[in-house]
Amino acid sequence: MLEGEDDRDPVEIRFRVWRDEYFAAWLDAVGEARKTCSTYLSLDEAERASGPVTRLVLGSHSADSILDDVGRVLRFPELVQLTLLRFGPAALPDDIGKLSRLRYLDVRDSRLTALPDSIGRLRQLVRLNVMGNRLRDLPEPLFDLPSLRSLNLIANEFSAAPAGLRRLPALRYVRLDGNPLPESEFDRLHAWFDHIDGFDRYFG
């Protein structure tokens, strides 16, 4: 190897770049959030709010960061957007489905190994981002979500494309790159979705 040459796997390098881009995007989202009076950046701040809390953007750049009591988010039934960046290794609350107005859920880079079944009760959920976790499958109730349009599964541990994806009637965008999927699984995804008008055909 030549002096100064990078010996990391190209996939590792690519995902480091992607992570950096996502952190930059998260910081931009925080900046925008501060302009919106109904968006809160800490649970303590949200709990002191005098009106409904519709947006929570929580997280840290520290890999060792832990949100001590993630269940506290259930105290805000008016939530429309919930972002929990690197809140692991805690799990999502089993009763996350109680946030029935939730439309945007982002739990990237949180070391999650599973999602709770109650996520299937989020009937208004439009966008779900679970990038950079340790998921190998998805709970069966998730595939009955009638409004889910965007599903980001990048950099998890899926060895096969979840067959239930075909049951999501509103799905128009799905990402599975960065998972240990054989090429044949991406062929299956094309077979499932290429005929749908308006579907984003980038799977990996």
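Is E185 buried or exposed in this predicted model?

1. Before answering, a word on the basis: the model is predicted, so that local features need pLDDT of at least 70 and side-chain atom pairs count only at pLDDT 80 or more, while totals for chains, interfaces and linings use all residues. Residues are numbered from 1 along each chain as its sequence is written, and side-chain values use heavy atoms, with hydrogens and water left out.

2. E185 is buried, with a relative accessible area of 9%, where buried means under 20% relative accessible area, exposed over 50% and partly exposed in between (1.4 Å probe, protein chains only). E185 lies in helix α3, residues 183-193, and, leaving aside neighbours within four places in sequence, E185 is in contact (heavy atoms within 4.5 Å) with S159, A160 and A161.

3. Turning to the sheet, seven strands form an open sheet in the order β1-β2-β3-β4-β5-β6-β7, with parallel pairing. Because β1 and β7 (173-175) stand at the edges, each with a single partner strand, one side of each is left without a neighbour in the sheet. Helices (H or I, at least four residues) and strands (E, at least two) are DSSP runs numbered from the N terminus, and two strands pair if DSSP finds at least two bridges between them.
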